[in-house]
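Please take a moment to look over the structure below, and then follow the paragraphs that come after it.

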Amino acid sequence: EAGGGVNRAKDRVVATVSHDRRTPLAGVFGTVDLALADADPGPVRERLDTVRDAAGSLLGIVNDLLDFAKVR
């Protein structure tokens with residue numbers, strides 16, 4: 001069947017995005033959370049908050065892409 005190859009390729013991409021993009025983000029969140037636990041108020045904390053917010057935005061995009069791929 002012609003669509004079978006396309007579906008298998010899509011499944012591989014979804015699996016790769018799910019694992020290879022989400023797993024490092026978990027490490028970013030964990031590391032930033034540890035750093036925030038020790039950070040005093042000020043510029044360093046603000047930068048860490050910015051990193052955490054950016055990682056959250058990226059995770060949202062990855063999750064949206066995965067949700068979209070499941071619908072297709």
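The side chains of D33 and R52 come together in a salt bridge, with 2.6 Å from N to O, where a salt bridge is a side-chain nitrogen of Lys or Arg within 4 Å of a carboxyl oxygen of Asp or Glu. This pair links distant parts of the chain, since D33 belongs to helix α1 (residues 2-38) and R52 to helix α2 (residues 43-71), 19 residues apart. D33 counts as partly exposed because its relative accessibility is 33%, and R52 is partly exposed at 31%; buried means under 20% relative accessible area, exposed over 50%, and partly exposed in between, with a 1.4 Å probe and protein chains only.

This is a predicted model, in which local features need pLDDT of at least 70 and side-chain atom pairs count only at pLDDT 80 or more, while totals for chains, interfaces and linings use all residues. Residues are numbered from 1 along each chain as its sequence is written, and side-chain values use heavy atoms, with hydrogens and water left out.

The chain as a whole has two helices and zero strands, these being DSSP runs (H or I, at least four residues, for helices; E, at least two, for strands) numbered from the N terminus. Its radius of gyration is 17 Å, well over the 11 Å that the globule rule gives for 72 residues, so the chain is more spread out than a compact globule; the radius is taken over C-alpha atoms, and the rule is 2.2 Å times the number of residues to the power 0.38. Along the principal axes, the C-alpha atoms fill a box of roughly 60 × 15 × 10 Å, and buried residues make up 15% of the 72 residues.
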